[in-house]
Amino acid sequence: MIERLFATAETLADSQLFWVVFFLFVAIGLFISNKVRMDVVALLLIVVFVISGILTVPEAVSGFSDPNVILIALLFVIGEGLVRTGIAYQVGDWLVKVAGNSEAKLLILLMLAVAGLGSVMSSTGVVAIFIPVVMSVSSRMNRSPGRLMMPLAFAGLISGMMTLVATPPNLVVNSEMVRYGVGQFGFFSFTPIGVVILLLGIGYMLLVRRFLVKPEQDNTKGSARRAMRDLIREYKLSGRARRFSIRPGSPLIGRTLDELHLRSRYSANVVGIERWRKFRRVMISAFASTELRVHDILLVDMHDPDVDIRHFCTEENLEPMILRGEYFSDQAREVGMAEVSLIPESEYIGKTLRQMAFRTRYSLNVIGIRRGDKLIDSNQQIDIELKMGDMMLVIGDWRQIRLLQSNTHDFLVMNLPAEVDEVAPSISQAPHAVLCLFLMIFLMVTDLVPNVIAALVACLLMGKFRCINMESAYRSIHWPTLILIVGMLPFAQALQKTGGIDLVVQGLMDAVGDRGPHVVLASLFILSAVIGLFISNTATAVLMAPIAIGAANQMGVSALPFAMVVAVAASAAFMTPVSSPVNTMVLGPGGYKFSDFMRIGIPFTLLVMVVSVVIIPILFPF
């Protein structure tokens, strides 16, 4: 017996399977350490598979031509269209209006709205939109945001179980089923199990919401929604605002803001420019490339009180102008403010504003940084390394703030002042965006054209109706997610080619196969959920889908319930705050600890497993 084991181990060590398994554990280790970006690891795997001879070049790069990868990219664009046309924000406003002061009603409507929107757009984007909504309504209701933040995150995760296109793992699992020739899911195949889990989640959260925060945290003193004057007071901006008119002969004329270096020379930050245009004065954004003209009026943040204003005006030939209102509050229709925080996955964590080239890139000025309860000194802001949880106060054109709000890859706009209601973005194209969305769903449901073509038609129509432009479309695509899928897809192919899938399936069958398909389903759910604690849910789906299909084939039953349980388990990332970016985003605003997610998430994950094992075979018989 021992000799046989040694012989098997020796054979395995000499085979390509050994190296595939070795590469798998190395990749998982790199994912866990987070020292190398996941998309970079995925690209390295493609190179390694080709160099080692395990896969041919066409096999290794086959993910780039996978229709589901293109479909996922198109869905990012459609979600961006829903944000830009204001549909997602209108849902949030409606939610607050209907819920009134009832916390239970708000929780129910919140989870329904998030799950509904998340079924057709990125759950991360939906949660980012609703975090400020929850913060605002919690303040008005004199409640801690912690009572609603975790329900918000859980609803975002459950939204991935609602439709075929709700999350990349669903599409990955479906793609594997098509590749193996064992059938495929329809657009609404996930909906019944998703609705049941959503109702379970709502009931569960109504019961446990009182345990989400400590009693002393729940005595938050509420207030009305903050206005710009509140932000001005909190960030101590009083006395810093100035207006200057550019006189004829000024050395500023004909030069760009980037060339002038006013911030380093005079601690003067130009946040807006008033300019005569067609017999009226208009406000234009202070871009780094904006060329100044004679008679322009500069709105300037002078953040160093020791600067001699007279000397500044004399040197640059400027005329001081009257400023009404406190820190440009009278210009609130043109000049906006917002509090912004970096999300956990942001590439800017650990970088300075200077390294980010923040104003050049986003056409907004950072006029205050708060770290906890401490304000960072104004003169140090440009060179201080930003940390997760830092709050930045930005000022500039409302349109640029809205664009920053849609950049959910790096930023989370936490608080918009009440004045934003007076500067509501144009929503004239919202009906067209809804039309495009429903057309896509109709084409997918009726199967008139392939899913990727249905999404492409919707994207092109959104462009035609000006719901989205090319720049924002490309920016909306989360390229790291796509590259991760492209790099991980060859793993499943390599495991199948080298016999790894058969080996894992045989081990699973030897362990629980004789106990019936329900036990195998439970085992697949547990294995997928545990793996999902360490690597992304997309990578989990790539690895587990072939194993689920192989287990079904080994037992001689339908692969549909086995593939479905893997897809559901991949989205059931409820157990830790690092299991999903959605959880990490609500960690700070909700005031949670790591243990809070384990305390609430583990029991709910077990409930989801039981419901899945019972209901999925009813919906998809063995």
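Visitor: What is D596 in contact with, leaving aside its neighbours within four places in sequence?

Guide: D596 is in contact with M150 and G601; contact means heavy atoms within 4.5 Å. This is a predicted model, in which local features need pLDDT of at least 70, side-chain atom pairs count only at pLDDT 80 or more, and totals for chains, interfaces and linings use all residues. Residues are numbered from 1 along each chain as its sequence is written, and side-chain values use heavy atoms, leaving out hydrogens and water.

Visitor: Is D596 buried or exposed?

Guide: Buried means under 20% relative accessible area, exposed over 50%, and partly exposed in between, with a 1.4 Å probe and protein chains only. D596 has 12% relative accessibility, so it counts as buried. D596 is found in helix α28 (residues 594-619); helices are DSSP runs of H or I with at least four residues, strands are runs of E with at least two, and both are numbered from the N terminus.

Visitor: What makes the link between the side chains of D596 and R599 a polar contact?

Guide: A polar contact is a pair of N or O atoms within 3.5 Å; within protein, one must be able to donate a hydrogen and the other to accept it, and residues adjacent in sequence count only if both atoms are side-chain atoms. The side chains of D596 and R599 come to 2.7 Å, so the distance falls within the limit of 3.5 Å.

Visitor: Why is the ring pair of F154 and F574 given the name it has?

Guide: Rings of Phe, Tyr and Trp (its six-membered ring) pair if their centres lie within 6.5 Å; planes under 30 degrees apart count as stacked, over 60 as edge-to-face and the rest as tilted. There are 16 aromatic pairs by this rule. The centres of F154 and F574 are 4.8 Å apart and the planes stand at 55°, so this pair is tilted. F154 lies in helix α9 (residues 146-158) and F574 in the loop between α26 (560-571) and α27 (581-590), so the pair ties together parts that are 420 residues apart in sequence.

Visitor: How do you know whether F154 and F574 are buried or exposed?

Guide: F154 has 1% relative accessibility and counts as buried. F574 is buried too, with a relative accessible area of 0%.

Visitor: What is the pair of Y348 and Y362 called, and why?

Guide: The centres are 6.4 Å apart and the planes are at 85°, so the pair of Y348 and Y362 is edge-to-face. Both Y348 and Y362 are buried.
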